[in-house]
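Notebook open, model loaded. I want to jot down what I looked up, strands to start with, then rings, then a loop residue.

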Amino acid sequence: MNKGILNHETGEQVELFLLIKHSTKGIASNGKPFLTLILQDQSGEIEAKLWDVSVEDETTYCAESIVKVQGDIQNYRGRTQLKIKQIRAASAADSVKLADFLETAPVSQDEMSSKLTQYIFEMKNPNIQRITRHLLKKNMNAFMEYPAATKNHHEFVSGLAYHVTSMLDLAKSIATLYPSLDKDLLYAGVILHDLGKVKELSGPISTTYTVEGNLLGHISIMVNEIGKAADELGISGEEVMILQHLVLSHHGKAEWGSPKPPMIKEAEILHHIDNLDAKMNMLDRALSRVKPGEFSERVFALDNRTFYKPIFHH
(Lines give C-alpha, C1' and ligand atoms only; values in the text may rest on other atoms or scores of the structure.)
Protein backbone atom coordinates (compact mmCIF):
# COMPACT_ATOMS: atom_id res chain seq x y z
CA MET A 1 0.00 0.00 0.00
CA ASN A 2 1.22 3.52 -0.69
CA LYS A 3 1.35 5.91 2.24
CA GLY A 4 -2.07 6.98 3.51
CA ILE A 5 -3.97 9.88 2.00
CA LEU A 6 -3.49 11.93 5.18
CA ASN A 7 0.27 11.58 5.01
CA HIS A 8 0.65 13.66 1.84
CA GLU A 9 1.65 17.33 1.93
CA THR A 10 -0.30 20.20 0.40
CA GLY A 11 0.79 20.63 -3.21
CA GLU A 12 1.67 16.97 -3.71
CA GLN A 13 0.23 15.00 -6.60
CA VAL A 14 -1.32 11.66 -5.79
CA GLU A 15 -2.51 8.66 -7.73
CA LEU A 16 -4.14 6.04 -5.56
CA PHE A 17 -7.15 3.91 -4.76
CA LEU A 18 -9.60 5.24 -2.16
CA LEU A 19 -12.92 4.15 -0.75
CA ILE A 20 -15.91 6.49 -1.02
CA LYS A 21 -17.26 6.84 2.51
CA HIS A 22 -20.03 9.32 1.67
CA SER A 23 -21.25 10.85 -1.57
CA THR A 24 -23.58 13.87 -1.42
CA LYS A 25 -25.14 15.59 -4.40
CA GLY A 26 -25.27 19.38 -4.59
CA ILE A 27 -26.10 22.01 -7.22
CA ALA A 28 -23.31 24.42 -8.15
CA SER A 29 -23.84 28.15 -8.71
CA ASN A 30 -23.95 27.49 -12.47
CA GLY A 31 -26.94 25.20 -11.91
CA LYS A 32 -25.00 21.99 -12.66
CA PRO A 33 -24.99 19.07 -10.24
CA PHE A 34 -21.80 18.09 -8.41
CA LEU A 35 -20.82 15.48 -5.83
CA THR A 36 -19.05 16.05 -2.54
CA LEU A 37 -17.08 12.88 -1.88
CA ILE A 38 -15.56 11.87 1.42
CA LEU A 39 -12.76 9.51 0.42
CA GLN A 40 -10.93 7.30 2.86
CA ASP A 41 -8.17 4.81 3.44
CA GLN A 42 -6.73 3.44 6.66
CA SER A 43 -5.03 6.74 7.48
CA GLY A 44 -8.30 8.69 7.56
CA GLU A 45 -10.45 10.67 5.17
CA ILE A 46 -10.31 13.62 2.78
CA GLU A 47 -12.95 15.65 0.97
CA ALA A 48 -13.11 16.05 -2.81
CA LYS A 49 -15.55 17.66 -5.24
CA LEU A 50 -16.58 16.11 -8.52
CA TRP A 51 -18.01 18.80 -10.80
CA ASP A 52 -20.57 18.59 -13.63
CA VAL A 53 -21.65 15.04 -12.84
CA SER A 54 -23.97 12.94 -14.98
CA VAL A 55 -26.70 10.66 -13.65
CA GLU A 56 -24.30 7.77 -14.36
CA ASP A 57 -21.59 9.38 -12.23
CA GLU A 58 -24.01 9.55 -9.31
CA THR A 59 -24.55 5.78 -9.43
CA THR A 60 -20.88 4.99 -10.10
CA TYR A 61 -19.46 7.19 -7.35
CA CYS A 62 -21.69 6.15 -4.46
CA ALA A 63 -20.80 5.18 -0.89
CA GLU A 64 -18.89 1.92 -0.44
CA SER A 65 -17.35 1.99 -3.95
CA ILE A 66 -13.61 1.92 -4.46
CA VAL A 67 -12.18 4.42 -6.94
CA LYS A 68 -8.82 5.15 -8.50
CA VAL A 69 -8.10 8.87 -8.20
CA GLN A 70 -5.43 11.11 -9.63
CA GLY A 71 -5.18 14.65 -8.33
CA ASP A 72 -3.53 17.25 -6.13
CA ILE A 73 -3.66 17.79 -2.40
CA GLN A 74 -4.81 21.35 -1.77
CA ASN A 75 -5.54 23.57 1.16
CA TYR A 76 -8.99 25.13 0.93
CA ARG A 77 -10.04 27.51 3.72
CA GLY A 78 -7.67 25.82 6.16
CA ARG A 79 -8.83 22.31 5.31
CA THR A 80 -7.06 19.72 3.24
CA GLN A 81 -8.93 18.75 0.08
CA LEU A 82 -8.21 16.56 -2.88
CA LYS A 83 -8.58 18.24 -6.25
CA ILE A 84 -9.58 15.48 -8.66
CA LYS A 85 -7.98 15.41 -12.11
CA GLN A 86 -9.05 11.88 -13.06
CA ILE A 87 -11.29 9.35 -11.38
CA ARG A 88 -12.55 5.90 -12.30
CA ALA A 89 -14.25 3.03 -10.55
CA ALA A 90 -11.98 0.18 -9.48
CA SER A 91 -12.35 -3.04 -11.44
CA ALA A 92 -11.73 -6.68 -10.54
CA ALA A 93 -8.37 -6.46 -12.31
CA ASP A 94 -7.20 -3.88 -9.74
CA SER A 95 -7.43 -6.56 -7.01
CA VAL A 96 -8.27 -4.10 -4.24
CA LYS A 97 -10.64 -5.01 -1.42
CA LEU A 98 -12.79 -3.07 0.99
CA ALA A 99 -10.85 -4.13 4.09
CA ASP A 100 -7.71 -2.39 2.76
CA PHE A 101 -9.37 1.01 3.12
CA LEU A 102 -11.14 0.74 6.44
CA GLU A 103 -9.75 2.37 9.50
CA THR A 104 -9.86 -0.12 12.36
CA ALA A 105 -9.24 -0.03 16.10
CA PRO A 106 -5.55 -0.05 17.06
CA VAL A 107 -6.09 -3.22 19.13
CA SER A 108 -7.03 -6.65 17.76
CA GLN A 109 -10.53 -8.07 18.23
CA ASP A 110 -9.12 -11.11 20.06
CA GLU A 111 -7.37 -8.93 22.58
CA MET A 112 -10.50 -6.87 23.22
CA SER A 113 -12.68 -9.94 23.43
CA SER A 114 -10.52 -11.59 26.10
CA LYS A 115 -10.42 -8.32 28.06
CA LEU A 116 -14.25 -8.23 28.10
CA THR A 117 -14.38 -11.84 29.31
CA GLN A 118 -11.93 -11.00 32.09
CA TYR A 119 -13.96 -8.01 33.34
CA ILE A 120 -17.21 -10.00 33.36
CA PHE A 121 -15.40 -12.78 35.23
CA GLU A 122 -14.38 -10.26 37.92
CA MET A 123 -18.02 -9.34 38.71
CA LYS A 124 -19.11 -10.61 42.12
CA ASN A 125 -22.87 -10.03 41.87
CA PRO A 126 -24.40 -13.04 40.07
CA ASN A 127 -27.44 -11.14 38.73
CA ILE A 128 -25.37 -8.33 37.24
CA GLN A 129 -22.86 -10.81 35.85
CA ARG A 130 -25.49 -13.03 34.23
CA ILE A 131 -27.40 -10.16 32.59
CA THR A 132 -24.20 -8.59 31.26
CA ARG A 133 -22.84 -11.89 29.94
CA HIS A 134 -26.19 -12.81 28.34
CA LEU A 135 -26.53 -9.51 26.48
CA LEU A 136 -22.93 -9.40 25.34
CA LYS A 137 -23.06 -12.99 24.09
CA LYS A 138 -26.28 -12.29 22.20
CA ASN A 139 -24.71 -9.36 20.35
CA MET A 140 -21.05 -10.37 20.34
CA ASN A 141 -20.30 -10.46 16.59
CA ALA A 142 -21.79 -7.07 15.84
CA PHE A 143 -20.35 -5.62 19.04
CA MET A 144 -16.83 -6.58 17.96
CA GLU A 145 -17.01 -4.92 14.56
CA TYR A 146 -19.35 -1.94 14.87
CA PRO A 147 -18.17 1.65 15.19
CA ALA A 148 -19.23 3.61 18.28
CA ALA A 149 -20.77 6.43 16.23
CA THR A 150 -21.33 7.69 12.69
CA LYS A 151 -19.11 10.68 13.39
CA ASN A 152 -17.18 12.45 16.17
CA HIS A 153 -15.68 9.57 18.13
CA HIS A 154 -14.55 5.99 17.45
CA GLU A 155 -16.20 6.01 14.01
CA PHE A 156 -14.12 3.12 12.68
CA VAL A 157 -14.36 -0.66 12.45
CA SER A 158 -14.36 -2.18 15.98
CA GLY A 159 -14.65 1.33 17.41
CA LEU A 160 -17.42 0.30 19.80
CA ALA A 161 -15.42 -2.52 21.39
CA TYR A 162 -12.34 -0.29 21.53
CA HIS A 163 -14.33 2.48 23.25
CA VAL A 164 -15.77 0.01 25.78
CA THR A 165 -12.49 -1.77 26.58
CA SER A 166 -10.70 1.58 27.03
CA MET A 167 -13.51 2.66 29.37
CA LEU A 168 -13.22 -0.59 31.36
CA ASP A 169 -9.55 0.09 32.05
CA LEU A 170 -10.42 3.64 33.02
CA ALA A 171 -13.21 2.38 35.31
CA LYS A 172 -10.79 -0.04 36.97
CA SER A 173 -8.26 2.73 37.73
CA ILE A 174 -10.95 5.03 39.08
CA ALA A 175 -12.45 2.26 41.25
CA THR A 176 -8.98 1.61 42.67
CA LEU A 177 -8.70 5.27 43.67
CA TYR A 178 -12.25 5.40 45.05
CA PRO A 179 -12.90 2.05 46.73
CA SER A 180 -16.47 3.03 47.70
CA LEU A 181 -17.51 2.61 44.05
CA ASP A 182 -19.30 -0.62 43.16
CA LYS A 183 -17.08 -2.21 40.48
CA ASP A 184 -19.80 -4.62 39.30
CA LEU A 185 -22.15 -1.77 38.50
CA LEU A 186 -19.45 0.30 36.91
CA TYR A 187 -18.17 -2.52 34.67
CA ALA A 188 -21.69 -3.61 33.70
CA GLY A 189 -22.64 -0.02 32.94
CA VAL A 190 -19.58 0.41 30.72
CA ILE A 191 -20.27 -2.82 28.80
CA LEU A 192 -23.99 -2.18 28.35
CA HIS A 193 -24.20 1.60 27.94
CA ASP A 194 -23.68 1.63 24.16
CA LEU A 195 -24.57 -1.97 23.30
CA GLY A 196 -27.85 -0.71 21.81
CA LYS A 197 -25.76 0.79 19.01
CA VAL A 198 -25.58 -2.60 17.30
CA LYS A 199 -29.30 -2.07 16.56
CA GLU A 200 -29.19 1.72 16.27
CA LEU A 201 -26.55 1.73 13.53
CA SER A 202 -26.48 -0.10 10.20
CA GLY A 203 -23.05 -1.70 10.41
CA PRO A 204 -19.32 -1.06 10.25
CA ILE A 205 -19.13 0.44 6.73
CA SER A 206 -20.83 3.66 5.52
CA THR A 207 -22.65 3.67 8.83
CA THR A 208 -26.14 5.16 8.96
CA TYR A 209 -29.02 5.01 11.44
CA THR A 210 -31.52 2.17 11.18
CA VAL A 211 -35.28 2.76 11.46
CA GLU A 212 -35.11 1.47 15.03
CA GLY A 213 -32.13 3.76 15.65
CA ASN A 214 -34.01 6.79 14.42
CA LEU A 215 -37.27 6.00 16.20
CA LEU A 216 -36.00 4.58 19.48
CA GLY A 217 -32.26 5.26 19.83
CA HIS A 218 -29.62 3.09 21.52
CA ILE A 219 -30.60 4.10 25.06
CA SER A 220 -34.25 3.00 24.84
CA ILE A 221 -33.28 -0.09 22.85
CA MET A 222 -30.91 -1.21 25.60
CA VAL A 223 -33.27 -0.49 28.48
CA ASN A 224 -35.77 -2.85 26.79
CA GLU A 225 -33.06 -5.45 26.19
CA ILE A 226 -32.02 -5.44 29.87
CA GLY A 227 -35.65 -5.98 30.88
CA LYS A 228 -36.04 -8.83 28.41
CA ALA A 229 -32.77 -10.46 29.50
CA ALA A 230 -33.82 -10.30 33.16
CA ASP A 231 -37.15 -11.96 32.29
CA GLU A 232 -35.47 -14.68 30.23
CA LEU A 233 -32.98 -15.40 33.01
CA GLY A 234 -35.64 -15.26 35.73
CA ILE A 235 -33.89 -12.41 37.51
CA SER A 236 -35.90 -9.89 39.45
CA GLY A 237 -34.31 -7.49 41.84
CA GLU A 238 -33.16 -3.95 42.24
CA GLU A 239 -30.05 -4.64 40.13
CA VAL A 240 -32.17 -4.81 36.97
CA MET A 241 -33.59 -1.34 37.54
CA ILE A 242 -30.18 0.06 38.45
CA LEU A 243 -28.58 -1.35 35.28
CA GLN A 244 -31.40 0.28 33.32
CA HIS A 245 -30.76 3.56 35.12
CA LEU A 246 -27.05 3.41 34.24
CA VAL A 247 -27.94 3.11 30.56
CA LEU A 248 -30.70 5.75 30.74
CA SER A 249 -28.49 8.35 32.39
CA HIS A 250 -25.10 7.87 30.73
CA HIS A 251 -25.40 10.92 28.47
CA GLY A 252 -25.71 12.98 31.64
CA LYS A 253 -28.34 15.54 30.66
CA ALA A 254 -31.68 15.66 28.88
CA GLU A 255 -30.28 17.94 26.17
CA TRP A 256 -27.58 15.34 25.47
CA GLY A 257 -30.19 12.63 25.06
CA SER A 258 -30.46 11.09 28.54
CA PRO A 259 -34.06 10.47 29.65
CA LYS A 260 -32.82 10.68 33.26
CA PRO A 261 -29.88 12.45 34.87
CA PRO A 262 -27.51 10.22 36.87
CA MET A 263 -28.99 9.56 40.35
CA ILE A 264 -26.66 6.79 41.44
CA LYS A 265 -23.00 7.34 42.20
CA GLU A 266 -21.79 4.81 39.60
CA ALA A 267 -24.08 6.39 37.00
CA GLU A 268 -22.42 9.77 37.52
CA ILE A 269 -18.95 8.22 37.18
CA LEU A 270 -20.02 6.22 34.10
CA HIS A 271 -21.09 9.45 32.40
CA HIS A 272 -17.70 11.05 33.07
CA ILE A 273 -15.75 7.99 31.92
CA ASP A 274 -17.77 7.83 28.70
CA ASN A 275 -17.25 11.51 28.04
CA LEU A 276 -13.54 11.39 28.83
CA ASP A 277 -12.85 8.46 26.53
CA ALA A 278 -14.86 9.96 23.64
CA LYS A 279 -13.11 13.33 23.99
CA MET A 280 -9.67 11.74 24.21
CA ASN A 281 -10.37 9.85 20.98
CA MET A 282 -11.51 13.03 19.19
CA LEU A 283 -8.46 14.97 20.40
CA ASP A 284 -6.02 12.25 19.38
CA ARG A 285 -7.58 12.02 15.93
CA ALA A 286 -7.67 15.78 15.38
CA LEU A 287 -4.07 16.23 16.55
CA SER A 288 -2.72 13.26 14.62
CA ARG A 289 -3.34 15.27 11.44
CA VAL A 290 -1.37 18.28 12.65
CA LYS A 291 2.34 19.06 12.81
CA PRO A 292 3.86 20.47 16.03
CA GLY A 293 3.39 24.24 16.10
CA GLU A 294 0.10 24.07 14.19
CA PHE A 295 -3.57 24.21 15.15
CA SER A 296 -6.05 21.44 14.36
CA GLU A 297 -9.28 21.87 12.41
CA ARG A 298 -12.22 22.90 14.55
CA VAL A 299 -13.63 19.95 16.45
CA PHE A 300 -17.39 20.32 16.27
CA ALA A 301 -18.12 18.01 19.21
CA LEU A 302 -15.67 19.92 21.42
CA ASP A 303 -17.54 23.25 21.21
CA ASN A 304 -16.03 23.87 17.79
CA ARG A 305 -12.65 24.59 19.35
CA THR A 306 -9.35 24.24 17.56
CA PHE A 307 -6.41 22.63 19.40
CA TYR A 308 -2.72 23.49 19.30
CA LYS A 309 0.04 20.88 19.14
CA PRO A 310 3.02 22.17 21.20
CA ILE A 311 6.47 22.07 19.65
CA PHE A 312 8.49 21.55 22.85
CA HIS A 313 7.84 17.89 23.50
CA HIS A 314 8.76 16.68 20.04
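Entry: I checked Ile-20 and found its bridge partner in S2, Leu-39. Strands here are DSSP E runs of at least two residues and helices are H or I runs of at least four, numbered from the N terminus. S1 (residues 13-27) pairs with S2 in the antiparallel sense, over eight bridges; pairing needs at least two DSSP bridges between the strands.

Ground rules, before I go on. This is a predicted model, where local features need pLDDT of at least 70 and side-chain atom pairs count only at pLDDT 80 or more, while totals for chains, interfaces and linings use all residues. Residues are numbered from 1 along each chain as its sequence is written, and side-chain values use heavy atoms, with hydrogens and water left out.

Entry: the turns. The S1 and S2 hairpin has five residues between its strands, and Gly-31 there takes a positive phi near 85°. Leu-35 has its bridge partner in S3, at Leu-50.

Entry: burial of S2. Is this strand enclosed or open? I find eight of the nine residues of S2 (residues 33-41) buried, so the strand is largely enclosed by the rest of the structure. My cut-offs are under 20% relative accessible area for buried, over 50% for exposed and partly exposed in between, with a 1.4 Å probe and protein chains only.

Entry: aromatic pairs. How many does the structure hold? I get four. Rings of Phe, Tyr and Trp (its six-membered ring) pair if their centres lie within 6.5 Å; planes under 30 degrees apart are stacked, over 60 edge-to-face, the rest tilted. Phe-34 and Trp-51 are one of these pairs, tilted because their planes are at 40°, with ring centres 4.9 Å apart. That pair links distant parts of the chain, 17 residues apart: Phe-34 sits in S2, Trp-51 in the loop between S3 and helix H1 (55-60). Phe-34 is buried at 12% relative accessible area.

I also looked at Phe-156 and Tyr-162, a tilted pair at 6.3 Å centre to centre and 50° between the planes. Phe-156 is buried at 6%, whereas Tyr-162 is partly exposed at 21%.

Entry: Ser-158. I found it in the loop between helix H4 (140-145) and helix H5 (159-177). Ser-158 is buried, at 4% relative accessible area. Neighbours within four places in sequence aside, its contacts (heavy atoms within 4.5 Å) include Ala-105, Gln-109, Met-112 and Met-144.
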